[in-house]
There are 2 protein chains.
Amino acid sequence: MRYPKPFQNLIAHFSALPSVGPKMAERIVLHLFKQEHERLLSFAESLEALQDLSLCTRCFHIAEGPLCDVCSDPKRDPSVLCVVEEPMDVIAIERSGGYQGLYHVLGGVMRTGQGDDPSLRIPELLSRIATEDVKEVILALNPTTEGDLTTLYLRKKLEPLGVTVSRPARGLSTGGDIEYADEATLTSALRNREKLG
Amino acid sequence: MRYPKPFQNLIAHFSALPSVGPKMAERIVLHLFKQEHERLLSFAESLEALQDLSLCTRCFHIAEGPLCDVCSDPKRDPSVLCVVEEPMDVIAIERSGGYQGLYHVLGGVMRTGQGDDPSLRIPELLSRIATEDVKEVILALNPTTEGDLTTLYLRKKLEPLGVTVSRPARGLSTGGDIEYADEATLTSALRNREKLG
């Protein structure tokens, strides 16, 4: 004997999610089964509502209309463009509150040895530089091998277009431990040391 | 700026699930956002379909009708009752294929120092013993302090009713390591050693 069909279907849906194994999915569905019907309905409705969202036609962040909240805000500085991998990165930078420019969500990074990835929005980025009044591009990709490779690639493409290209500083994390910082981070942090006073 | 409202709602629903933190919920919703609409709809429908399931009126396992698959199977032996904490335990025992009796899902175990928990289906268990032709009750609760406490409590309630009360053997796990077995398990395994040949 196994679980009834609707139960099995839901376990399969949860198991397909990132970082959710079959045992965890089973536990989640059992948890949901004990919930009130209204909560289940509201969960199901929220899932369906995800369909009404789309990608911003300008920067490819998640949007409720044709433009996302950042692109439709007239107070943002259109001369600075921050290139990120995923919408989650936009949210993280927005949470920090320290950035006033616009974004461009690349949709990932280049994989080594795979050549040009057509799913990356590099042509759209170059077309924005050509048509919008962009002066600086900040390449805020994840500090991984692939991220650094993509940063290098984009830098070569962007510099001939006459824009300043930068990337976020590498250094110690606030609240972190020098003892546990990796060698590359420590080297960057010491080389790019900030003058006090 | 934060995520659009439907996105936030869904993150809240996922964050409320067991073992899912807010960051993981964010990642899951982003993953779902990239899925095809049909997949999302099917996920939402599976969630709603959970409402059509109920608890077996006899043993409290998950059921599509009034009785679960085990209780409605005439080939099962109604003289043996296996008491478990949750429906997941029924599924685990059924998967092992070695049990032919019926079940009783208790709905949890007693918490130390809280007295009788009205949510546990102990009265329903006693009433089954009184009305059905039960000869043996296997108390297959989790081998935890609370599980053992509940086993002790149920044993005292059941033995005067003239049924044999047992619990699954404690011993080494197949494929396990003696080196890593805890002291209580090793003591049980040695005391209840099986004669070979």
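A cavity is a set of grid points where a 1.4 Å probe fits but cannot get out. This predicted model holds two cavities of 30 Å³ or more. The largest cavity has about 70 Å³ of space.

Look at what surrounds that largest cavity. Its lining draws on both chains: His13(A), Ala16(A) and Leu17(A) from chain A, with His31(B), Leu32(B), Gln35(B), Arg39(B), Leu40(B) and Phe43(B) from chain B. Helix 3 of chain B has the largest share, with three residues. By class, the lining divides into five nonpolar residues, three polar and one charged.

Now turn to the open space. The largest pocket has about 340 Å³ of space. The lining of this pocket has 13 residues, and the closest to its centre are Ala140(B), Leu141(B), Pro143(B), Pro168(B) and Ala169(B). Seven of the lining residues are nonpolar, three are polar and three are charged. Such searches follow a simple idea. Rolling a probe the size of a water molecule over the atoms shows where empty space is left.

Next comes the interface. Here 55 residues of chain B are in contact with 55 residues of chain A. The area buried between the two chains is about 5,500 Å². Carbon and sulfur atoms give 75% of that area.

Polar links cross the interface too. Four residue pairs, both partners at pLDDT 80 or more, are in polar contact between chain B and chain A. Which elements of chain B give two or more residues to the side that touches chain A? They are helix 1 (5-15), helix 2 (22-33), helix 3 (37-49), strand 1 (54-55) and helix 4 (87-96). Helix 3 of chain B gives the most, with 11 residues. Sorted by class, this side of chain B has 32 nonpolar, 10 polar and 13 charged residues.

Charge pairing also spans the two chains. Side chains of opposite charge can pair when their charged atoms come close. Two salt bridges are counted between chain B and chain A. One salt bridge joins Lys34(B) to Glu86(A), with the closest N and O atoms 3.1 Å apart.

Over all chains, the count comes to 18 salt bridges. Among them is a pair within chain A, Arg58(A) with Glu132(A), whose closest N and O atoms are 3.2 Å apart. What parts of chain A does this pair tie together? Arg58(A) lies in the loop between strand 1 (54-55) and strand 2 (62-63) of chain A. Glu132(A) lies in the loop between helix 5 (122-131) and strand 5 (136-139) of chain A. The pair therefore ties together parts that are 74 residues apart in sequence.

How values were computed: Residues numbered from 1 in each chain as written. Chains lettered and ligands numbered in written order. Heavy atoms only, no water. Contact = heavy atoms within 4.5 Å. Buried area = accessible area lost by both parts, 1.4 Å probe. Salt bridge = Lys/Arg side-chain N within 4 Å of Asp/Glu carboxyl O. Polar contact = N/O pair within 3.5 Å; in protein donor to acceptor, adjacent residues only side chain to side chain. Helix = DSSP H or I, 4+ residues; strand = E, 2+ residues; numbered from the N terminus. Nonpolar A, V, L, I, M, F, W, Y, C, P; charged D, E, K, R; others polar. 1 Å grid on protein atoms, 1.4 Å probe; cavity = no way out; pocket = protein on both sides within 12 Å on 5 of 7 lines; lining within 4 Å. Points joined across faces, edges and corners; volume = space filled by probe spheres on them.
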